[in-house]
Amino acid sequence: MAEIVDRITADDEGGRIARTLLYPYLNHAATMYGDGYATAADIDAGMRFGCGYPIGPLALIDALGAKTVVDGLAEQFAQTGDPLHRPAPALVEIADSGSSFSGEGADGTPVPEVKRPVATVGVVGTGTMASGIAQVFAQAGYDVVYVGRSQEKLDGVVAYVTKNLDRAVARGKLDEAGKDAVLARLTGATEREALADVDLVVEAIAEDLDIKLELFRDLDRICKPGAILATTTSSLSIRACADATSRPADVIGMHFFNPAPVMKLVEVVTTEVTDPDVDETVRALCLATAKHPVSCGDRAGFIVNALLFPYLNDAIRLQESGAASMEQIDAAMKETKLPMGPFELLDVVGNDVSLAIQQTLVETFGHEGWQPAPSLEKVVAEGRLGRKTKAGFHTY
């Protein structure tokens, strides 16, 4: 930890780049906490498990010292006039009181329990995310019914899961009997009616609200009373999906991260009408499948995307200003022990996806400082979407 702090506070080019990009990110996390949107523990866990960061933002503030961060932000605000650089009230309060974010919510939090028994899980979709979710539940001992549009799509799910399980066998983490047991728990279907008796449905279809609303209306018709209906959306309104049904209290968000069998985080997203038993059951199921649940409300970006993408956008703007090159920025941020530099990560995520998320955040929060960087719009317009097109901010 001392190495990270030393790197961020260093009086050199790398330190200046790190402070320019990290201080607004830390400020945003403090704002999220101060607004009561999520606990300090969940905000930190979100970035650790969702992005692979070595430390969460609020724990990093504690390590740096809240006053150090406040002073750094005040300096940035004086230079930019950007309201996003004005130290958040929650951050100022921590600095003035000499207290810390650490330990908030860590003690006395009861372990969630399954309030609605779940034996069979339905998965709608056959893409990478849906296939990964099916594998997660089947490996944890649940019977899984997955629904796709054709037998070819269903076969693709089995092929995906089999490939992952073969890899686990090769590494000695699973034997052939275990692999066969997982595959035996998977049942494919081309009709949604096959979901009539499942206890939980997780949808992972196209990120299009109209398509999801049609699905939730259908699930409302098909699924038995008391079944939990979950969406993996990363940006769309969960309340809208809930309101498409006659049972909005049974609808919740389960935002898995890709690839689902590997990534530990699940953002559990509740609306104002989500039944507390549904919330607690889903959090308990996350733990039962070796995932780490974090709780948040139905708001664009949830925890991880809302913190990550403005930081990535700021990195592009810093490069556009001429203050540092892409290579310098990527190198500086990796020196703070982040797994990737921001431009490397943008290309992995997909620049089109990054642009869409950033646009959604601006629509929701209205922050002028979050307007998508012109260079991001340019690479998307030119079809340089990142690794998937062999060219983005970098060339592959």
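How many of the 6 residues of β7 are buried, and what does that say about how the strand sits in the rest of the structure?

Reply: 5 of the 6 are buried, so β7 is largely enclosed by the rest of the structure. Buried here is under 20% relative accessible area, exposed is over 50%, and partly exposed lies in between, using a 1.4 Å probe and protein chains only. Before going further, some ground rules: this is a predicted model, where local features need pLDDT of at least 70 and side-chain atom pairs count only at pLDDT 80 or more, while totals for chains, interfaces and linings use all residues. Residues are numbered from 1 along each chain as its sequence is written, and side-chain values use heavy atoms, with hydrogens and water left out.

As for names, helices (H or I, at least four residues) and strands (E, at least two) are DSSP runs, numbered from the N terminus. Two strands pair if DSSP finds at least two bridges between them.

Now to the neighbours of β7. On one side there's β6, antiparallel to β7 and joined to it by 4 bridges; G253 has V269 in β7 as its bridge partner. β8 runs parallel to β7, with 6 bridges between them, and E267 sits opposite V294 in β8. In general, strands of a sheet pair through backbone hydrogen bonds, either parallel or antiparallel.

Zoom out and you get an open sheet of 8 strands, ordered β3-β2-β1-β4-β5-β6-β7-β8, with mixed pairing. The edges are β3 (186-189) and β8 (292-297), each pairing on one side only. From one strand to the next, the twist averages 25°. Further along the sheet, β1 (residues 120-124) and β4 (residues 200-203) run parallel and share 4 bridges, with V123 opposite V202 in β4.

Helices pack on this sheet too. Helix α3 (residues 40-51) touches β7 (265-270) and β8, and its direction makes about 125° with that of β8. Helix α12 (residues 276-288) touches β4, β5 (228-231), β6 (251-256), β7 and β8, with a direction at about 175° to that of β7. Contact means heavy atoms within 4.5 Å. For the angles, axes are lines fitted to C-alpha atoms, for helices over the stretch in contact, and angles run from 0 to 180 degrees between N-to-C directions.

R116 belongs to the loop between α6 (89-97) and β1, and at a relative accessible area of 17% it is buried. R116 touches G226, A227, I228, D250, D275, V278 and T281, leaving aside residues up to four places away in sequence.

For the angle words, under 35 degrees is roughly parallel, over 145 roughly antiparallel, 65 to 115 roughly perpendicular, and the rest oblique. The axes of α2 (residues 13-34) and α13 (residues 304-320) come within 10 Å and cross at roughly 155°, which means α2 is roughly antiparallel to α13. The contact of α2 with α13 has 12 nonpolar, 2 polar and 1 charged residues. Those classes put Ala, Val, Leu, Ile, Met, Phe, Trp, Tyr, Cys and Pro down as nonpolar, Asp, Glu, Lys and Arg as charged, and the others, Gly among them, as polar.

α2 also meets α14 (residues 326-334): their axes come within 9 Å and cross at roughly 85°, so α2 is roughly perpendicular to α14. Here E13, G14, I17, A18, L21 and L22 in α2 meet Q328, I329, A332 and M333 in α14, a contact that divides into 7 nonpolar, 2 polar and 1 charged residues.

One more residue from α2: G15 is buried at 0% relative accessible area, and touches R7, I8 and A10, not counting residues up to four places away in sequence.
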